Amino acid sequence: METVILVLVSGLTLSGMYALSAIGLSLTWGALGMLNMAHGAFLAVGSYVCFTIITQLGAPMWLAIPMAVIISGLVGLLVYLLIVRQMFRHPAFETNIIIATIGLAILSENTILNFFGAYPFRQPLVIEGGFRLSGIFIPYQNIAILASSVVLVGLVGILLGKTRTGRAIRATSMNKDAALLMGVPVGQVYAQVMAVSGCLAAVSGIMLSTITTLSPTMGDAPMVKAFIIVAVAGLGNVYGAFFIAIGFGLLEAIFQFTFGVRLAFPLLLLLVIASLIWRPNGFFGSATILRN
Amino acid sequence: MGESFLTLKNICCGYNSVDVIKGVSIDIPRGAVVGLVGPNGHGKTTLLRAISGLVRLRSGSIKLRGETISELSADRVVARGVAHMPQGDLVFPQMSVRENLLMGAYLPAARADSAKQLEYVHNLFPKLSERTEQLASGLSGGERRMLGIGRGLMTKSELIMIDEPSLGLAPLMIEHIYDVIRALKAEGRTLIVVEENVSRLTDLADELHLLDDGHVVWSGGGADLMSDDVLMKTYLGG
C-alpha cells in the first residue's frame, strides 16, 4: 500500500508538470504546425524570471509567479512576432523553424549562463510541511504542484472548449482557410497560442524548479518528454496530450521504482517506440496538420 | 437588376510562379445569380478564392459596393459581407455541428443574431437540427455539404459564393441543395455558383461566365450557352 501511494504521488507530480509543458507544445503544433525546440528554454526563462523577481525585487510568491508567467507569455509573443511570423509563409517553414528555435534555445541558455552562472540555485518557493497517508509522508509541495496543474489544465480546457477565443484556436488548428473564411484573424490566433504556450511553459518550469534546482538547461529533459507525450497523444491533440501526460508520469514513476532511475527512461522510450509503431499518428491524433 | 455590387477588374492571380487567373473582368449587380462554368482546372475555384481573399491578386482590383477589398485579408473580406463555401466543404471535423454553425457567427455582427440565424439555417436544413451534437467528422457527404453551406449562411453575408454545390452528391441531395440556392435567390441575395454541370444553372443563373485557361471566353444566358453546340463541345464536353 505504501509503495502504491509513493508511486502515485511521485507519478502524478511528474504528470502535472509534463501535462502543462506538453499542452503548450501541442497547442503550437496544432495551430501553427511548428515544433518549438525553444519550449525548454521557455521553461528555464520562466523559472529564472520568477527567481529574479523574488530574490532581487523581494516580491512575494503570489506576485512573483503571475509576473513570471506574464513575462514568459510576452517572450512567446515576441518569438512569434520576430521569428515565426517572418518564416511562416515559406514552404520550408516546418524545417526552418526547427533550426531557428534550436538557435533560440541555445541563445537563451547561454544568456542565462552569462547572467546567473551554472550554480544550481534553489527556487525560493517552498511550501513547508506535509501530511501522512498510510505512514507515507506526502509534502504539500507535491500536492500544490498537482493541484495547480489540474486547475490550469482545466482552465485551458475551458478556454478551448467554451470560449470564442478557444473555438478560434481549435478552428485554426483544424483548417486555417476555413477559419479565415469565418472571419477568424488567424495571425492573432497564432500570437495568442504562442503567448499561452509561453505562460504554460513558465508554470511548468517554476514547478520543476521547486522540486529540483535552477539551471540554464533545466528545460531540456522536460521538453524531450513533452515532445514524446505530444507525439504519443497525436500531434496537435491537446486533450490527448493531457491524458498521455498523466499516463507517462505514472509509468515513469512505476519504472523508476521497479527498474531504478537509470533504466526507467530508456525502458519507457522502448514502450513509446512500440506505441508509435502500433499507432503512428498517436492515440488521439489525426493524420495531418494543414498549414497553407 | 440592381446597382453594381461586385466588380472584378482585370484581375490576375495564381499559386507560386503559376498564373491561374489571367485578366478577368466581371461586373455583378446586386441580387444577381452568376454561374462560373468551364473545364476543370481552368480557374473557377481560384477566382472564388481571389474574391474571398484566400489568394492575393498580382494585378487588377476587386470592389464590393465600391470599396476595394482586394487588399484585405480573408478574415476582413468576410467582415464586409462575403461568404465563401469552398469546394470540399472544409467543415471543422472535431467540432460538433452546432459548434461549426456557431463558427459561422464568429464575427460580432453575426454573433448578435446567432440564435435567429441558427433557426434560419435549421429551417433550411432540418437534418442539421437533428445532428447538433454530432461531430462533423461523422457526417455523410450530403450532411457535410449542408453544414458547409449552413455555416456560410451564419455569417449573414450579402454575397454568397458556393463552389461545386452538387459535386459527389446523390441526385436527391443535389435537388435539396439547389432548392436552398433557389430560396436564397428569392431572398434577393447575390450569388456566385461554380458548377461543373451547366444544366443545373441554366434556369437559375442570370448570367453565366465560361472560364478557360484563366480567361472569361464567353458570357451570357444559360439558354444561349446550352444551344451553342460549338461552345458546349469545345469547353463543356457536351
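Where is B:Lys156 found in chain B? The legends below begin with that residue and then move on to other close-ups of this predicted model.

**View 1. B:Lys156 sits in a loop of chain B.** The answer to our opening question is the loop between helix H7 (141–153) and strand E7 (159–163) of chain B. Look at the backbone here: phi of B:Lys156 is near 60°, a positive value in a residue other than glycine.

**View 2. B:Arg65 has a positive phi.** This residue lies in the loop that links strand E4 (57–64) to strand E5 (67–68) of chain B. Phi of B:Arg65 is near 50°, and the residue is not a glycine. B:Arg65 is partly exposed, having 15 other C-beta atoms within 10 Å.

**View 3. Helices H3 and H8 pack against each other in chain A.** A pair of packed helices is described by the angle between their axes and the distance between the axes. Here, H3 (residues 61–87) and H8 (residues 186–211) of chain A pack at an angle of about 140°, with axes 7 Å apart. H3(A) and H8(A) are therefore oblique to each other. The crossing of H3(A) past H8(A) is right-handed. By class, the contact has 18 nonpolar residues, 5 polar ones and no charged ones.

**View 4. Helices H1 and H9 of chain A cross.** H1 (residues 2–32) and H9 (residues 220–233) of chain A have axes that come within 8 Å and cross at roughly 65°. This crossing is right-handed. On the H1(A) side, try to spot A:Met17, A:Leu25 and A:Trp29, among others; their partners in H9(A) include A:Pro222, A:Phe227 and A:Val230. The contact of H1(A) with H9(A) is made up of 12 nonpolar, 2 polar and 1 charged residues.

**View 5. Chain A meets chain B.** In this view, 14 residues of chain A are in contact with 18 residues of chain B. On the chain A side, the elements that give two or more residues are helix H6 (164–174) and helix H7 (176–181). H6(A) supplies the largest share of that side, 5 residues. Sorted by class, the chain A side has 9 nonpolar, 2 polar and 3 charged residues.

Definitions and conventions
Residues numbered from 1 in each chain as written. Chains lettered and ligands numbered in written order. Predicted model: local features only at pLDDT ≥ 70, side-chain atom pairs only at ≥ 80, totals over all residues. Contact = placed C-beta atoms within 7 Å. Helix = DSSP H or I, 4+ residues; strand = E, 2+ residues; numbered from the N terminus. Nonpolar A, V, L, I, M, F, W, Y, C, P; charged D, E, K, R; others polar. Axes fitted to C-alpha atoms, helices over the stretch in contact; angles between N-to-C directions. Parallel < 35°, antiparallel > 145°, perpendicular 65-115°, else oblique. Left-handed = near helix turned anticlockwise from the far one by under 90°. Buried ≥ 20, exposed ≤ 12 C-beta atoms within 10 Å, placed from the backbone.
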